[in-house]
Amino acid sequence: MNENSFVCSPRYGELYYDEIFLYYDGPCLFSLRNILGYRFIAILEREDSARSRYVIAPVSVARYKAFVENRYSIRHVFTKSEMGGVFAAEFNQHGAHLYDIAADELENLNLPDDAEMLEYNGSYLRNEIVYNASEFNVPIIQKSLEKHGEHRQYIFAREFARESEGFQRIFDGIAKDAIQAIPEDKCTPKIKKRIKESCQIPLMKTYAASFGVQIEGIEFASLGEDESDFCKHIATYFALLEMGDSANDDFYAQHKHAIVALRKYYKTLLSLGFDVKLQAATPAHKYYKSYLQKATILERYQYLNGIIGIDTEQLTLVGTWSEINIDNKTFKFKCKSGEMVAGSFDEDFDESIFDFESEISVIVDKAISVARAGDESEKYTLLSIV
């Protein structure tokens, strides 16, 4: 069986993973295709230690397009299937069991509420990378997400997409650095393309629980000897994470694009409230079950600002909100000292609930801007709620 296969249906034949919209310990909401190109939407409806049950609805091309454009709710796809034929695939220790679900049973299933939409983000879908990872046995990066120190039950693809894109930027930076290291007369378009492709992150079997990195099946002790280009690039990634005062100017010059992307990555993690778990695939490696808390991420973000030459200061303020303007993405914050700080949200800041009653801590970027007349002014950017 192809490892991209989900289940074999007597009616439709082999059903293959197509696009994954929601992931937690495995695909939870995703689309399927068969060899004829027929499409299906599948959802993990129920799960316990003994079994898991997925509900699967055949969809027309028009319905699928409407679904990913948020014109149909998730529940609507299953309870109001225009093609009928909704069925279940139940997996247990004995294998898979498929059976039809009657129309009057659909409303009683454990499905999302009527108003819950997909909120689809196409940037998450890198099917060509998934297939290449499978076909060429490219090492797999596993990711996990943990927000505000709590294990997440689920995470929507749109949020995961943003994190994946930020993480990919680091490897795009590594690709640029690798290309610039080649003499110009020897750096052909074919070589550039190969380097860029080898720096694309394989997302197959991506795990979402607490945001970080895990490589499946790689012995890090022999990482440098591995023939895979991606193994070399992931080694560069870990070298970037390890850099400190011991790194010299040559290291910074060699990895300048990746360092800029890494700084952006840390800022995004702060803005989205993520801690980071870095997991190596082998207990012998130093990153096995290591953990970067927000304080460490902030420390590294500050350090990279200094390396890159970005003149900002990161402040932790304690106090209460005075004003929040969601539309304009601006805020006013009254510190315990009585000082009023006003500014704007960071572009990645992701918070929809602001408690005006409780005293809280926030992290802000403070920059000094100088007008043409020479007057100085302070600019504050809200990075994170601690």
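Predicted model: local features only at pLDDT ≥ 70, side-chain atom pairs only at ≥ 80, totals over all residues.
**Ground rules.** Local features need pLDDT of at least 70 and side-chain atom pairs count only at pLDDT 80 or more, while totals for chains, interfaces and linings use all residues. Residues are numbered from 1 along each chain as its sequence is written, and side-chain values use heavy atoms, with hydrogens and water left out.

**Entry 1: α6 and α8.** I looked up helix α6 (residues 229-242) and helix α8 (residues 256-272). Helices here are DSSP runs of H or I with at least four residues, strands are E runs of at least two, and both are numbered from the N terminus. The two axes come within 11 Å and cross at roughly 65°. Axes are lines fitted to C-alpha atoms, for helices over the stretch in contact, with angles from 0 to 180 degrees between N-to-C directions. α6 and α8 are therefore roughly perpendicular (65 to 115 degrees; under 35 is roughly parallel, over 145 roughly antiparallel, the rest oblique). The crossing is right-handed, meaning that the near helix is turned clockwise from the far one by less than a right angle.

Which residues make the contact? From α6 I noted Tyr-237, Leu-240 and Leu-241, and from α8 Ala-258, Ile-259, Leu-262, Tyr-265 and Tyr-266. Contact means heavy atoms within 4.5 Å. The contact residues divide into 8 nonpolar, no polar and no charged (nonpolar being Ala, Val, Leu, Ile, Met, Phe, Trp, Tyr, Cys and Pro; charged being Asp, Glu, Lys and Arg; polar the others, Gly among them).

**Entry 2: Asn-305.** I found Asn-305 in helix α9 (residues 294-308). Is Asn-305 buried or exposed? Asn-305 is buried, at a relative accessible area of 1% (buried is under 20%, exposed over 50%, partly exposed in between; 1.4 Å probe, protein chains only). Leaving out residues up to four places away in sequence, Asn-305 touches Arg-263, Ile-310, Thr-312 and Gln-314.

**Entry 3: the barrel.** I traced 5 strands closing into a barrel in the order β14-β15-β16-β18-β17, with mixed pairing. Strands pair if DSSP finds at least two bridges between them. The twist averages 55° from one strand to the next. α9 lies across β14 (312-325), β17 and β18, at about 120° to β14.

My pairing list:
- β14 with β17: antiparallel, 8 bridges; Glu-313 has Lys-366 in β17 as its bridge partner.
- β17 (residues 360-370) with β18 (residues 376-385): antiparallel, 9 bridges; the partner of Lys-366 in β18 is Tyr-380.
- β14 with β15 (residues 330-335): antiparallel, 6 bridges; Glu-323 is bridged to Lys-332 in β15.

The β14-β15 hairpin has 4 residues between the strands, and Lys-329 there takes a positive phi near 55°.
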